Amino acid sequence: MAELTTLAKGLTTGLRAAMEADPKVVLMGEDIGKLGGVFRVTEGLQKDFGEERVMDTPLAEAGIVATAIGLAIRGYRPVVEIQFDGFVYPAFDHIVSTLAKLHARSHGGIRVPVVVRIPFGGGIGAVEHHSESNEAYFAHTAGLRVVAVSNPHDAHWMIRQAIECDDPVIFYEPKRRYWDKGEVGEAPRGDLGSAQVLREGTDVTILCYGPMVRTCLQAAQAAEEEGRSLEVVDLRSLSPIDTETVFASIAKTGRCVIVHEAATFLGMGAELAAQVQEHCFYSLEAPILRVGGYNVPYPPARIEEEFLPDLDRVLDAVDRSMTH
Amino acid sequence: MRSDLITGSSNPGPDEMDKGVPTLSDVTTDELSSSLAEVFGSNPVTDPDRPAAEGGPHMLQVLTPEGERVPSPELDPLLSDLTDEDLRGFYRDLVLIRRVDAEATALQRQGELGIWVSLLGQEAAQVGSGRAMAPQDYAFPTYREHGVAWCRGVDPLELIGLFRGVNHGVWDTQKHHFHLYTIIIGAQTLHATGYAMGVQLDGHVGTGDANRDTAVIAYLGDGATSQGDVSESLVFAGVYNAPVVFFCQNNQWAISEPNERQSRAPIWHRARGFGFPGIRVDGNDVLACYAVTKRALEAARSGQGPTFIEAFTYRMGAHTTSDDPTKYRVSAEVEVWKHRDPIQRLRRYLERQGHATSEFFEAIDAEADELGASVRSRTLALPDPPGTEMFDFVYAAEHPVMSREREEFAAYQASFEGGH
């Protein structure tokens, strides 16, 4: 049996490989040096690559992202760690106003290949601002690419692909899956913008990403025991969306359930549902259903499990889809 | 502080910074105090450097408004390599960029530009600092740095493109070492600091090679100093000892809000709290701006880290062509500053010293007329871009949404051919 690696270590080895391959790759963030980051994703990298390439920064997210932009203008490929999802907002202006637009407004004269890593999602019993899913803000912004990984293999390869990409990439890491183990294969599963069918099925297509992928795979396993065949698509890329893979799956199953932790209102599911109904209208046997967070501020930890989609809520949506 | 990132000598330590002498070598003015009586007994409102119409006793100046050259043991050596031709060159820069500015204002009034942001009154601050840069240095402007753009060889037409709305302001930043205009107030100070950190990582600081050592200059205004981004840039520049000079043109007004609404303390004092020197210079004195910026850029290149320069000047015109300053400031204030005009004082100095003849001034006026006419005719000839251009540069790599929308847009547009 091949060696198993955690998702966090998949990222570490991916970052290490990228830094070995290109001396212009530098890491920036709070506590990423000696500590190795609060999730230890950068563990050991400062020791091996030095303080100049693994920079502990002042505690200022706007400053981190904006100086990374300056470094990129100088020819570097900065990889920024935002400590927790809810702390990215001070940097929001620099991400949407400058990072996303600089290539366009310079008519391609200036490239800003910055990767912004964001641990996201809930389920770890944290205090406020540590459990958010804010991917839709960035997916809404032209000029950015937005991806979310769900497993150690993709963590390793997609961080490398994101760093190699000449566009800015917002890179979401499901923090409650950091310790999930899996194999890291020899090659990426596809390009950075591609979705992957992780489980084939015939009755209902489940579209999911990040932390919900494991939940949905478990739901598919449970459904199989009840005689239902779910196809699980890990979107991986949230902007752009691999619509070819998504539409092909729904053309086959005729049913679609979209699952994410973020609130459903104007979340990724809203865009996916709109595109699916437009392009798969004559394939659909049932309304497209969304399973997501409620439209409330992320709740206190003792009731977060009631807020977060789980196996039962996914199966409930599958049941409702199948009644049509 | 990260000693491995620091090359060459470092900034003065806290003790050295507290001597309280208003000179280039030590630019702080007062002792820090740990006495309760001093701390709570002092009244910052009576500080002679408080934002006001006067630059105060600590403002460096070598050319008076009357064009008299004031000897300065510190600045004179920095000016000693300037030839008469250089001085005439400064005059030419000031006059020509003012003419570009006037022409652009007129073009806006005639409906040819959507808006124009005038630099009237700030020519000396921009030309003095811009001419102090070495070719390899890099500038990060706001949206008013037409004079710096001029010094970096950017064609005024490329600035005008932004204000006419044919693009967002596109020029070859690598060629000119002059970044694109930044409209988000203060954001460029952080981009400049990051760029300077990159210069440092490249090892282009403190080598002693005059063609290699590189400094970065970040332009900002007095209003921008209230932005959190600016404070963060001062933090980053300080802790990484980045080779960056913050050049703040205090033109007294942030649209309608005076200095007093932006800062209780004089702006140049701010640097001290971030651990590096701040200094105030007469922003209408092109020679003093040149000398002080030159010194600060040299310090940055040699590894001494950042400097904050406050160029004390005045926005003679409106904030933009959309603004109406008669609603919020009195004309008497403008009259005071007319007397301090940066071009007139240099002209008087050149005339008095015999550095330039009347033929020279006439020739410059003729060149300005020619430039104005050229700016006008070329602006009118600027073509609108094709609509499809909006899709062309959003991403560096292929992107399916861009390809699809571009195709849809083109097909939709084509559907009207012959139909309307």
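A residue is called buried when its relative accessible area is under 20%, exposed when over 50%, and partly exposed in between, computed with a 1.4 Å probe on protein chains only. By that definition B:Glu123 is buried, because its relative accessible area is 0%.

The model is a predicted one, in which local features need pLDDT of at least 70, side-chain atom pairs count only at pLDDT 80 or more, and totals for chains, interfaces and linings use all residues. Residues are numbered from 1 along each chain as its sequence is written, chains are lettered from A and ligands numbered from 1 in the order in which they are written, and side-chain values use heavy atoms, with hydrogens and water left out.

B:Glu123 belongs to helix α5 of chain B, residues 123-131; helices (H or I, at least four residues) and strands (E, at least two) are DSSP runs numbered from the N terminus. A polar atom of the B:Glu123 side chain lies 3.0 Å from the backbone nitrogen of B:Gly121. Apart from neighbours within four places in sequence, B:Glu123 is in contact (heavy atoms within 4.5 Å) with B:Leu94, B:Ile97, B:Arg98 and B:Pro342.

The two chains also meet each other. Chain A and chain B each bring 43 residues to the contact. Together they bury about 3600 Å², 60% of it on carbon and sulfur atoms; this buried area is the accessible area (1.4 Å probe) that two parts lose on being put together, summed over both. On the side of chain A, the most area is lost by A:Arg74, A:Arg105 and A:His107, together 22% of what that side buries.

Two salt bridges cross the interface of chain A and chain B, each defined by a side-chain nitrogen of Lys or Arg within 4 Å of a carboxyl oxygen of Asp or Glu. One joins the side chains of A:Lys24 and B:Asp202, at 3.3 Å from N to O. Within chain A, α3 supplies nine residues, the largest share of the side that touches chain B.

The cysteines remain to be considered. A disulfide is a covalent bond between the sulfur atoms of two cysteines. A:Cys256 is buried, at 0% relative accessibility. For B:Cys151, the closest cysteine sulfur is in B:Cys289, 12 Å away and therefore too far for a bond. B:Cys151 likewise counts as buried, because its relative accessibility is 11%.

How values were computed:
Disulfide = S-S within 2.5 Å. Polar contact = N/O pair within 3.5 Å; in protein donor to acceptor, adjacent residues only side chain to side chain.
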